[in-house]
Amino acid sequence: MTITLTNDLEALINEKIKSGAYESADDVIRASLRLLKAQELGVEALRKEILLGFEDIQHGKFTSVESDEELESFSDEVIRRAQERRDSR
């Protein structure tokens, strides 16, 4: 496989190698592709969660708050429940 890089990308790869973070250009490119894959998976997971949220809203499964105090109280309750679930595992 032959890959053509811009001068800026080639310089970035060389900087990473010189810094000692990576041993070779292959290592930099492999790490970059792993990050790209992780980012794409994260974006897809986020899209799925957003769609679930829209479905919940359409089915009336949401909570309205009228003030900063109500929002803070609601947030505290969500955090408390999440901690309880985590602790019970």
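**From the chain to its pocket**

The protein chain has a radius of gyration of 22 Å, whereas a compact globule of 89 residues would have one near 12 Å; this radius is taken over C-alpha atoms, and the globule rule is 2.2 Å times the number of residues to the power 0.38. This is a predicted model, in which local features need pLDDT of at least 70 and side-chain atom pairs count only at pLDDT 80 or more, while totals for chains, interfaces and linings use all residues. Residues are numbered from 1 along each chain as its sequence is written, and side-chain values use heavy atoms, with hydrogens and water left out.

The chain has three helices and zero strands, where helices (H or I, at least four residues) and strands (E, at least two) are DSSP runs numbered from the N terminus.

The largest pocket has a volume of about 220 Å³. A pocket is an open set of points on a 1 Å grid over the protein atoms alone, where a 1.4 Å probe fits, with protein on both sides within 12 Å along at least five of seven lines, and lining residues have an atom within 4 Å of a point; the volume is the space filled by probe spheres set on the points.

The lining of the largest pocket holds 13 residues, and L12, I13, V28, I29 and S32 lie nearest its centre. The elements that give two or more residues to this lining are α1 (7-18) and α2 (25-58), and α2 gives the most, with six residues. By type, the lining divides into 11 nonpolar residues, one polar and one charged, where Ala, Val, Leu, Ile, Met, Phe, Trp, Tyr, Cys and Pro count as nonpolar, Asp, Glu, Lys and Arg as charged, and the others, Gly among them, as polar.
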